[in-house]
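Take a look at the sequence and the model below before reading on.

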Amino acid sequence: MTRVSRERRRAIVAKVFTPGLSVRQVLRGVKACGITCSRESIRRDLKALGLGVPGLRRQKPRSAAEEAFARAISHLPPAEREHPGIPGRRFRFDFAWPKQRIAVEIHGGHWTGGRHTQGKGFASDCEKKRLAILQGWRVLEYTADEVRKPPEAAAADVKNLLAQLPHTG
């Protein structure tokens, strides 16, 4: 892999870009052309080319555990997915009931050394939960295994918590 000028890299980014791709997917396409660069440089290039980050898909890929949990809570009041519960921060809750200030976080990769078990990822998760609690959120955390086998148990926890709280509007 080689480094190239900004202009050359931007030309390749423009060639690789298709609406709906994430920054990571564009980065993979650029790297497939033998170019070394960072995700941040791809973001800057897209913005400079007028392809802009707003048109990109922002949601993270959904895990099997998140999908199982979503099916298990389908009988409950609708939850918001990827809810930005902490103003001014980039943190997002996997599932949230904002009126009741209830959030659910599903942590995967705990057996394989995933993001939630590594130093920076774990510290970020701790900060997110602490800030959420200080702002009045109730945060339920589950591992992917807890949600997959069976997801109804986690859904029952949410149902019980929703029943305890007033439905403010």
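## How the helices pack

Helices α4 and α7 are oblique to each other, the label for any angle that isn't under 35 degrees (roughly parallel), over 145 (roughly antiparallel) or 65 to 115 (roughly perpendicular). The angle in question is about 55°, between α4 (residues 64-72) and α7 (residues 151-164), and their axes sit 9 Å apart. Axes here are lines fitted to C-alpha atoms, for helices over the stretch in contact, with angles from 0 to 180 degrees between N-to-C directions. The crossing of α4 past α7 is right-handed, so the near helix is turned clockwise from the far one by less than a right angle. On the α4 side, A68, F69 and A72 make the contact, and α7 brings P151, E152, A154, A155 and V158; contact means heavy atoms within 4.5 Å. Sorted by class, that gives seven nonpolar residues, one charged and no polar. For the classes, Ala, Val, Leu, Ile, Met, Phe, Trp, Tyr, Cys and Pro are nonpolar, Asp, Glu, Lys and Arg are charged, and the others, Gly among them, are polar.

A word on what you're looking at: this is a predicted model, where local features need pLDDT of at least 70 and side-chain atom pairs count only at pLDDT 80 or more, while totals for chains, interfaces and linings use all residues. Residues are numbered from 1 along each chain as its sequence is written, and side-chain values use heavy atoms, with hydrogens and water left out.

## The overall layout

The protein has seven helices and four strands, taken from DSSP runs (H or I, at least four residues, for helices; E, at least two, for strands) and numbered from the N terminus. Reading from the N terminus, the order is α-α-α-α-β-β-β-α-β-α-α. Among contacts with a separation of 6 or more, 57% join residues 24 or more positions apart.

Which residues of α2 are buried? In this helix (residues 23-32), they are V23, V26, L27, G29 and V30. They lie on the same side of α2 because they cover an arc of only 160° around the axis, judged by the directions from the axis to the C-beta atoms. The exposed residues R28 and A32 are on the face of α2 turned away from the buried side. The cover over the buried residues includes α1 (6-16) and α3 (39-48).

| Helix pair | Axis distance | Angle |
|---|---|---|
| α1 and α2 | within 9 Å | roughly 120° |
| α2 and α3 | 9 Å | about 100° |
| α4 and α7 | 9 Å | about 55° |

With α1, the arrangement is oblique and the crossing is right-handed. I12, V13 and V16 of α1 meet V26, G29 and V30 of α2, a set of five nonpolar residues, one polar and no charged.

With α3, α2 is roughly perpendicular. From α2 come V23, R24, V26, L27 and V30, and from α3 come R39, I42 and R43. This contact holds five nonpolar residues, three charged and no polar.

Back on α1, K15 is exposed, at 75% relative accessible area. K15 and G29 are 14 residues apart in sequence, and their C-alpha atoms are 9.3 Å apart in space.

## Backbone spots to check

Most residues other than glycine have a negative phi, and most peptide bonds are trans. E82 has a positive phi near 55°; it sits in strand β1 (residues 80-83) and is buried, at 13% relative accessible area. R101 also has a positive phi, near 55°. R101 is in the loop between β2 (93-97) and β3 (102-107), and it is partly exposed at 29%. Just after α2, the glycine G34 has a positive phi of about 85°.

Finally, the K149 to P150 peptide bond is cis, with omega near -20°. P150 belongs to the loop between α6 (144-148) and α7.

Notes. Buried < 20%, exposed > 50% of the residue type's maximum accessible area, 1.4 Å probe, protein only.
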